[in-house]
Amino acid sequence: MSTIPVAPESGRGRALLLVLCGTIFLEGSDVAMLAVAVPTIRADLGLDTGTAAWVMSGYVLGYAGFTLLGGRAADLLGRRRMFLTWLGVFLVFSMLGGFAVDGWMLVAARFVTGVASAFMTPAAMSIITTSYPEGPQRDKALLVFAGVGAGGFSMGLVIGGLLTELGWRWVFFAPVFLAGAILLAALRLVPAEARPEPARRGYDLVGAASAAAAMLLFAYGIVRLEHGGDGLGLTLGALAGGLALVAAFVVIERRAEAPLVRLGIFRKTAMVRAHLGALLFLGAFFGFQFIVTLYLQELRGWSSLQTAIALIAMGCDAVLAPTLTPRLVRRYGNSRVIFGGFLLAIVAFGLFLPVGMDWSYAAMFPTLIITGTAFALAYGPLTIAATDSVAEEEQGLAGGLLYTFTQFGSAVGISAVTAVYGMAAAGADGSPDAVLDAYRTALVIPVVMVLLGAAVSAFGLRGTGPAGGRRKGPAPGSRSEVGDGVPR
């Protein structure tokens, strides 16, 4: 399947990238806005703690459970079709969430919104990777795409704080207007494509069902980790069930005539390393952000808006990702820039470990700004590495795999820090000093995750030159010779 070529430097090429970046901005800001609004929603609807948690977890379940299927569906059914269809679903269920009058309605709306993101986000990324030739042009587009997504999350924190002051329902209605504008523009700008070849050979429905069920069970088990020993049997049962279904999935894919996932794709060690790196980096980032938010709001008494404005310093990646990162990638290569991002993250999270009861914002600022810089250096190049040298007909799958790992990383990070915090606080007296000690203990988790990520990414440093990270000559499945980096 191929798209109609788009000239990246043309007005239409820039407009297409703007539309696709609008999608990842929508996805990132939607998550952040709801994270800020959940306490207000809980108070207004009278939700218990478990239901309030599922308002957030429902989205993760839907997203993580169907991202792999969503990425492959883009390859098999058409990237444009999947992008437009599921963007429309996202719009409708975001609006329905705004009209919710009970907790179960919110959870259901968020679950379907997560499923919609699982289909539209890999489709958007694969439209970039098939519309721009592999090399500098595609790299720069992916770096901008990743930077805008991160910026959407940072801006969403502030926008969510403002909208929550007006009324929490606006947190659901605001994305409707943005999604509508993107949908109208996408109808005109997203290029048409030829009929997918695999559609004439049938679909791997059994493989798709087993993959979705396995991902759902894994996501459910990971989300339940935050409950600690409460219902441990259910948590372990979900994880065990997920493992069993993965084993069944592997057997199915080996025998399928047209497999959902060609297992040979996992022989690409650079791609697998990028997926693991993304899981660890995103898990550390969101786990850290979650604990810092609790520290500022629950221990320091800051409002949701004050907290959002404080954390916007981490949004510097929205500026650095499309400006500084391309220059560094051109000079040093993807692998070294990724490794540098992990090293900065280690420094940032390490600086926050001795956080005090009365730390000033000036004392926190170095961690926040270094965290944003680390994100700018690591995430974009990880996105490039996850799709590099992957054949055009598997770009949707590559994107689906990447977003599966990032969503699981986010769930693991938040669940792990919550579980550790709960265990550390369980035997304490509940005093502010005891709560602070529990926060400090939980903050060790992000440090450990980025240390592991640095170790994984270090393997990619072997054999890379100053302009490196890429092989010379054409890559398998690429339409053009691979470039050495990204233009200034």
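User: Is Ile312 buried, partly exposed or exposed, and what is its relative accessible area?

Analyst: This is a predicted model. Buried means under 20% relative accessible area, exposed means over 50%, and partly exposed lies in between. Ile312 has 34%, so Ile312 is partly exposed.

User: Where is Ile312 found?

Analyst: Ile312 is in the loop between α10 (304-311) and α11 (317-332).

User: Now Ser94. Is Ser94 buried or exposed?

Analyst: Use the cut-off again: under 20% counts as buried. Ser94 has a relative accessible area of 1%, so Ser94 is buried. Its place is in helix α3 (residues 79-98).

User: What is Ser94 in contact with, leaving aside its neighbours within four places in sequence?

Analyst: Contact means heavy atoms within 4.5 Å. With those neighbours left out, Ser94 touches Asp30, Thr113, Phe172, Pro175 and Val176.

User: How far does helix α8 reach from its first C-alpha to its last?

Analyst: Compare the span with the one expected at 1.5 Å a residue. Helix α8 (residues 232-255) has 24 residues and reaches 35 Å, close to the expected 34 Å. Its buried residues are Thr235, Ala238, Gly242, Phe249 and Glu253. These pack against α7 (205-224).

User: How many residues apart in sequence are Met271 and Asp388?

Analyst: Read sequence and space separately. Met271 and Asp388 are 117 residues apart in sequence, and 7.5 Å apart in space, C-alpha to C-alpha. Met271 sits in helix α9 (residues 269-299). Met271 is buried, with a relative accessible area of 1%.

Technical notes: Residues are numbered from 1 along each chain as its sequence is written. This is a predicted model: local features need pLDDT of at least 70, side-chain atom pairs count only at pLDDT 80 or more; totals for chains, interfaces and linings use all residues. Side-chain values use heavy atoms; hydrogens and water are left out. Helices (H or I, at least four residues) and strands (E, at least two) are DSSP runs, numbered from the N terminus. Buried means under 20% relative accessible area, exposed over 50%, partly exposed in between (1.4 Å probe, protein chains only). The expected span of a helix is 1.5 Å times one less than its number of residues.
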